[in-house]
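Visitor: I have a model open and would like to go through its packing. Could you take me through it step by step?

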Amino acid sequence: MNAIDLFAGCGGLSKGFMDAGFDIIVGVDNDQAALNTFAKNHNGAATLNADLSKKETFDEIKKIADGRKIDVIIAGPPCQGFSLTGPRNFDDERNKLYLAVIEMVKQYTPKGFIIENVPGMATLYGGQIKNEILRRLRELGYNIDCKVLCAADYGVPQLRKRLIFMGVRKDIGTPHYPTPEFNESNYRTCKEAISDLPPRINEIGKEVDVYSAKPKTEYQKMMRGNCNVLYNHVATKHMQFVIDTIALVPEGGNYKDLPPGWGESRKFHEAWTRYDGNRPSKTIDTGHRNHFHYKYNRVPTIRENARLQSFPDDFVFTGTKTQQNRQVGNAVPPLLGYALGKELKKIIEEKNNYEN
C-alpha cells in the first residue's frame with residue numbers, strides 16, 4: 001500500500017509505516033534540513049519542500065504520485081495558531097494547516113489515515129477543535145476515533161504521549177488501536193536503550209564512528225540491526241560550571257535537588273533533569289539542554305536521543321547539530337508509528353481478504 005507523509009519532519013511516523021510494509025511515496029514539509037534527513041532514510045521516497053496551505057502543493061503531490069493510488073495519509077500538523085474563536089471560525093486562516101489535511105483526505109479518499117498531535121489538543125478550547133475535526137472527517141465518509149497513546153506502551157524507552165486520530169473509510173471498516181505490549185512493570189529503560197554506547201566523557205567523538213562494546217540488551221540488538229557503524233554520537237563540550245552543576249543532580253532528579261545558589265538561571269519544571277537509568281526517559285525535547293545523561297555529566301548525544309525515540313542506528317541524521325536535535329525531538333517514535341501502521345494495515349487487509 002502507498003502512503004504519503006504530510007508535515008513529515010525527518011519522518012519518524014513514516015519510518016514506522018515503512019517498517020510495517022507501506023511504500024512511502026513522498027514526505028512533505030517546509031523544513032529542508034529535516035527533508036534532507038527524510039530523503040536519506042526512506043528507500044528513495046520523494047521529498048517536497050512546500051506550503052501545504054497552498055493549492056499548488058496539492059498539484060505537486062499529484063504529479064509526484066504519478067497515477068499511483070494513495071491508500072493511506074499520515075500527517076502531524078503543528079498545533080500552533082488555532083483561532084481562539086473555536087469551531088465557529090474554524091475556517092480562519094490560522095487553522096489552515098489542519099484544513100489542508102482535511103482537504104487532502106477529501107481529494108484522495110484514502111482507505112485510512114493517521115493524524116497525530118500533542119495530547120493537549122484533545123482539550124483545547126474545551127475539546128471544540130478536536131470535535132470539529134472529527135465531525136468534518138466523518139462527513140467525508142470515515143469512521144474515526146481519537147485517543148492519547150503513550151509511546152512506552154509500544155516498546156519505546158520514553159514516556160511520550162501523542163494524540164492519535166485514526167480514520168478508516170466507512171466501506172472498509174472501523175478504527176481500533178494497537179494493543180499495548182508493555183506497561184509500567186516492564187517498560188524499556190534508558191539503560192536498556194543506550195548503555196552500550198561509548199561514554200564520551202573526555203572526548204567529543206566523530207560523526208561516523210565505531211561501537212566500543214557489544215550490545216547488552218535485546219533492544220540494543222534491535223536498534224543496531226545489521227549496522228556496524230555508529231552515526232551521530234557526538235558529545236557536547238560543556239563549560240566547567242555546567243558540568244559541575246549537572247554532577248550535583250542525582251539520577252532521576254532535577255533543579256529542585258541542587259544546593260542553594262546552584263542552577264539559578266534555570267528554574268522550571270524540566271530544568272536540570274537527569275534521566276533515571278532504570279526508567280524510560282522523559283519526553284525528548286528539541287535540544288534546549290534541560291535533560292542530562294543518567295550517568296554522565298552531559299546532555300545526551302543525537303544518537304542517544306534517537307535510541308530513546310526508537311530510531312534504529314542506521315537512520316542517519318543530517319544537518320547542523322541544532323537541526324538534528326530539532327529533527328529528533330519533533331519526531332513521532334518509529335516504534336509507535338510501526339504499531340499504528342501494522343494495525344491500520346490489518347484493518348484494511350481484513351476488508352480486502354473478505355472481498356476476495
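Visitor: At what angle do α4 and helix α5 pack, and how far apart are their axes?

Guide: This is a predicted model, in which local features need pLDDT of at least 70, side-chain atom pairs count only at pLDDT 80 or more, and totals for chains, interfaces and linings use all residues. Residues are numbered from 1 along each chain as its sequence is written, and side-chain values use heavy atoms, with hydrogens and water left out. In it, α4 and helix α5 (residues 128-139) pack at an angle of about 15°, and their axes are 10 Å apart. Axes here are lines fitted to C-alpha atoms, for helices over the stretch in contact, and angles run from 0 to 180 degrees between N-to-C directions. Helices (H or I, at least four residues) and strands (E, at least two) are DSSP runs, numbered from the N terminus.

Visitor: How is α4 oriented to α5, then?

Guide: That angle makes α4 roughly parallel to α5. Angles under 35 degrees count as roughly parallel, over 145 as roughly antiparallel, 65 to 115 as roughly perpendicular and the rest as oblique. The crossing of α4 and α5 is right-handed, a term used if the near helix is turned clockwise from the far one by less than a right angle, with left-handed used if anticlockwise.

Visitor: Which residues make the contact?

Guide: Tyr98, Leu99, Ile102 and Val105 of α4 meet Ile133, Arg136 and Leu137 of α5, where contact means heavy atoms within 4.5 Å. By class, the contact of α4 with α5 has six nonpolar, no polar and one charged residues. Ala, Val, Leu, Ile, Met, Phe, Trp, Tyr, Cys and Pro count as nonpolar, Asp, Glu, Lys and Arg as charged, and the others, Gly among them, as polar.

Visitor: And helix α3, at what angle does it pack with α4?

Guide: Helix α3 (residues 55-65) and helix α4 (residues 96-108) pack at about 45°, with axes 12 Å apart. That makes α3 oblique to α4. This crossing of α3 and α4 is right-handed.

Visitor: Which residues of α3 and α4 meet there?

Guide: Phe58, Ile61 and Lys62 in α3 meet Ala100, Glu103, Met104, Gln107 and Tyr108 in α4. The residues of that contact divide into five nonpolar, one polar and two charged.

Visitor: Changing topic: which residues touch the most other members of the largest nonpolar core?

Guide: Of its 51 residues, Phe17, Ile24, Val72, Ile114, Phe317, Leu340 and Leu344 touch the most other members. A nonpolar core is a set of buried Ala, Val, Leu, Ile, Met, Phe, Trp, Tyr and Cys residues joined through side-chain atoms within 4.5 Å. Buried means under 20% relative accessible area, exposed over 50%, and partly exposed in between (1.4 Å probe, protein chains only). The largest share of this core, seven residues, comes from α11. Apart from it lies another core, of 35 residues, including Val28 and Met121.

Visitor: What is Phe317 in contact with?

Guide: Leaving aside neighbours within four places in sequence, the contacts of Phe317 include Cys10, Thr37, Ile302, Phe311 and Val328.

Visitor: Is Cys10 itself buried or exposed?

Guide: Cys10 is buried, at 2% relative accessibility, and is found in the loop between β1 (2-6) and α1. Among the residues that Cys10 touches are Ala34, His42 and Gln327.

Visitor: How many residues of α1 are buried?

Guide: Seven of the eight residues of α1 are buried, so that helix is largely enclosed by the rest of the structure. Among the buried ones are Leu13, Lys15 and Phe17. Just after α1, Gly21 takes a positive phi of about 105°.

Visitor: What phi do Asp66 and Ser310 have?

Guide: Most residues other than glycine have a negative phi. Asp66 has a positive phi of about 50°, and Ser310 has a positive phi of about 80°. Asp66 is in the loop between α3 and β4 and is exposed, at 62% relative accessible area. Ser310 lies in the loop between α9 and α10 (321-330) and is buried, at 2%.

Visitor: Where is Asp313, and what touches it?

Guide: Asp313 is found in the loop between α9 and α10, and is buried, with a relative accessible area of 0%. Its contacts, neighbours within four places in sequence left aside, include Arg224, Arg303 and Arg307.
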